[in-house]
Amino acid sequence: MSAGAAATPLARLRDMVAARAQIDGRTDSAWPGLRYYRFSSPVRYDKTQTLAPGIVVVLQGRKHARLGTSTLVYDDMSCLVLSAETRCDGTVVEATPDQPYLAIHMDLPPDLLVKTLITLADAAPPSTAQAAPNYVAPVDARVLDAFTRLLPALDHAIDRATIAPLVVEEIIVRLLRSEAASAIRDAAAIKRSAARIHQAMQLIQEHFRRPLAIAELASAVAMSPSHFAHTFREVAGLAPMHFLRNTRLDAARVLLLAGGRRPGEVAALTGFDSAAHFTREFKRRYGAPPAQYASQLASSQPQST
């Protein structure tokens, strides 16, 4: 690789991910919802995953993803943007031991996504584009550059608490201001209902430790339950109960990584009705049972300062 190529954001980010994902498969970062992938040979996933709204940037190699009835192809010249919760079957089609498939995948926090949509709704020019729930777009060098600043910030506790949230917000703003996202950004439902959906998200984040029902949340924002559930999914890209579940899992992950608590205690503190339910949902999202996940992530992270 030439010195010029090494200076590009793509090359810098590829080197960072290669250093953090040293074994084949998935490696989670210290930031919730951000993980790295490495594969040294072509591989087809055996199970269908449910993916949250997010972005996948391939840094080396090539992949096919079957999302519903569509098959999208993306490589190191493009990224996959998931604007709604979706079922996905993936196949890595280009990877070798010398040049493994490398990718970074970040879930986009729905509350921050909606907050940004509200901010951009009036400033954005009208769009006649048809909304697509998932799309492949040319990778933006500014998004790559933001990731090269985000990953080092995750290595230290103070930077993770102060700098990382700002960079994540920058990445979301860059995506929502892109041409590919204009249909989502300008959706009529966003302009009509985003503020109320954001209010409901705040209620969930404040009260996730206790039982919450669609009817209660809908009433709090002056909507019927059916209209609320439909609009929440349309605006946020996932169902309200899925947002509640993910909020609980995010809080549980923080408690687990802090140490000193058993999974059953963490389940009770974060609103799950049983330890078994918590363990099942945690493994579905993070790929490992709670205690195993906490041990693996703690051992793979650099010492915080």
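**Buried residues and helix packing in a predicted model**

His105 counts as buried, since its relative accessibility is 5% and the cut-off for burial is under 20%. This histidine lies in strand β10, which spans residues 101-107. Leaving aside residues up to four places away in sequence, His105 touches Gly33, Leu34, Arg35 and Tyr37, together with Leu51, Ile55, Val56 and Leu82. The structure described here is a predicted model.

Cys79 is buried because its relative accessibility, 5%, falls under the 20% cut-off. Cys88 is likewise assigned to the buried class, with a relative accessible area of 4%. A search for disulfides across the whole structure returned 0.

For the chain as a whole, 47% of the 305 residues count as buried. The secondary structure consists of 13 helices and 11 strands. Among contacts with a sequence separation of 6 or more, 71% are made by residues 24 or more positions apart.

The packing of two helices was then considered. Helix α10 comprises residues 240-258 and helix α12 comprises residues 275-286; their axes come within 11 Å and cross at roughly 90°. Helix α10 is therefore roughly perpendicular to α12, as angles of 65 to 115 degrees fall in that class. On the α10 side, the contact is formed by Arg245, Asn246, Leu249, Asp250, Ala252, Arg253 and Leu256. Sorted by class, the contact of α10 with α12 contains 6 nonpolar, 5 charged and 1 polar residues.

The mean pLDDT is 84, and 85% of the residues reach 70 or more. Helix α8, at residues 214-220, has the highest confidence, at 96, whereas helix α1, at residues 3-6, has the lowest, at a mean of 45. Throughout residues 1-6 the pLDDT is below 50, and this stretch has 6 contacts in the model beyond near neighbours in sequence.

Key
Residues are numbered from 1 along each chain as its sequence is written. This is a predicted model: local features need pLDDT of at least 70, side-chain atom pairs count only at pLDDT 80 or more; totals for chains, interfaces and linings use all residues. Side-chain values use heavy atoms; hydrogens and water are left out. Axes are lines fitted to C-alpha atoms, for helices over the stretch in contact, and angles run from 0 to 180 degrees between N-to-C directions. Helices (H or I, at least four residues) and strands (E, at least two) are DSSP runs, numbered from the N terminus. Angles under 35 degrees count as roughly parallel, over 145 as roughly antiparallel, 65 to 115 as roughly perpendicular and the rest as oblique. Contact means heavy atoms within 4.5 Å. Ala, Val, Leu, Ile, Met, Phe, Trp, Tyr, Cys and Pro count as nonpolar, Asp, Glu, Lys and Arg as charged, and the others, Gly among them, as polar. A disulfide is a pair of cysteine sulfur atoms within 2.5 Å. Buried means under 20% relative accessible area, exposed over 50%, partly exposed in between (1.4 Å probe, protein chains only). pLDDT is the predictor's confidence in each residue, from 0 to 100.
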